[in-house]
Structures are given as structure tokens and as C-alpha cells.
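Biologist: Let us go through this one briskly. Please show the sequence and the structure, and then take my questions in turn.

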Amino acid sequence: MDSLSKKEAYLAMYAFLENMYKLMGSDDIGGLLGSMSLLQDGHTADPAAWQDWEDAIVKATSGTIDASLKIKR
């Protein structure tokens with residue numbers, strides 16, 4: 001698979017969350033999608049959303065994210 005640009009990866013994440021919203025109807029996901037939506041000028045509806053996305057990219061590319069399932073007993 002080819003590498004994605006930041007914007008392509010953002011749009012992929014948006015599409016994933018949009019699908020989850022359609023399946024679950026969660027108001028929390030709906031609110032998140034609203035803040036993540038792109039305006040005509042290409043910026044996010046909530047300016048902090050893009051910065052949060054860039055912060056997540058730094059964490060993911062630095063190897064500091066552990067997405068492994070942990071079951072507590």
C-alpha cells in the first residue's frame with residue numbers, strides 16, 4: 001500500500017468515523033465529525049481539530065502509541 005498524505009489519512013479517519021456514526025448513531029461521534037468537518041477554505045470547523053490530528057501523527061510516527069488490547073482481570 002502506498003503512503004498517504006496527512007490530508008488523505010485525515011480523510012480516511014473521517015470516513016471511518018462517519019461509518020461508525022452511521023452504525024451506532026453516537027452523538028459523541030457526531031459532534032467529533034462536526035468539529036473535524038472541512039470548511040470551504042480547507043480548514044477544520046474547529047481549528048484545534050487539525051492540530052490534534054497533527055499531534056496524533058507525531059505520536060504514531062514516534063512509536064509512542066500502543067494500540068494492543070489489554071484485558072484486565
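Biologist: Where is the place of leucine 33?

Modeller: First, the ground rules: this is a predicted model, where local features need pLDDT of at least 70, side-chain atom pairs count only at pLDDT 80 or more, and totals for chains, interfaces and linings use all residues. Residues are numbered from 1 along each chain as its sequence is written, and side-chain values use heavy atoms, with hydrogens and water left out. Helices (H or I, at least four residues) and strands (E, at least two) are DSSP runs, numbered from the N terminus. On that basis leucine 33 sits in helix 2.

Biologist: Is leucine 33 buried or exposed?

Modeller: Buried means under 20% relative accessible area, exposed over 50%, and partly exposed in between (1.4 Å probe, protein chains only). Leucine 33 has a relative accessible area of 7%, so the residue is buried.

Biologist: Which residues does leucine 33 touch, not counting those up to four places away in sequence?

Modeller: Contact means heavy atoms within 4.5 Å. With that cut-off, leucine 33 touches Tyr14, Leu17, Glu18 and Tyr21.

Biologist: How far apart in space are leucine 33 and methionine 13?

Modeller: Methionine 13 belongs to helix 1, residues 6–24. Leucine 33 is 20 residues from methionine 13 in sequence. C-alpha to C-alpha, the two are apart by 10 Å.

Biologist: What polar contact distance joins the side chains of lysine 6 and glutamate 54?

Modeller: Lysine 6 is in helix 1. At 43% relative accessibility, lysine 6 counts as partly exposed, and Trp50, Trp53, Glu54 and Ile57 are touched by lysine 6 when residues up to four places away in sequence are not counted. A polar contact is a pair of N or O atoms within 3.5 Å; within protein, one must be able to donate a hydrogen and the other to accept it, and residues adjacent in sequence count only if both atoms are side-chain atoms. For the side chains of lysine 6 and glutamate 54, the distance is 3.3 Å.

Biologist: Which backbone oxygen does the side chain of threonine 44 reach?

Modeller: Threonine 44 lies in the loop between helix 2 (27–36) and helix 3 (47–61). With a relative accessible area of 5%, threonine 44 is buried. Beyond neighbours within four places in sequence, its contacts include Tyr10, Met36 and Trp50. At 2.6 Å, its side chain reaches the backbone oxygen of aspartate 46.

Biologist: In what order do the elements run from the N terminus on?

Modeller: The protein has three helices and zero strands. From the N terminus on, the order is α-α-α.

Biologist: What radius of gyration does the protein have?

Modeller: The C-alpha trace spans about 45 × 30 × 25 Å along its principal axes. The radius of gyration is taken over C-alpha atoms, and the globule rule is 2.2 Å times the number of residues to the power 0.38. A compact globule of 73 residues would come near 11 Å, but the protein has 14 Å.

Biologist: What percentage of the 73 residues is buried?

Modeller: Leucine 33 is buried, and threonine 44 is buried. Across the 73 residues, the buried share is 12%.
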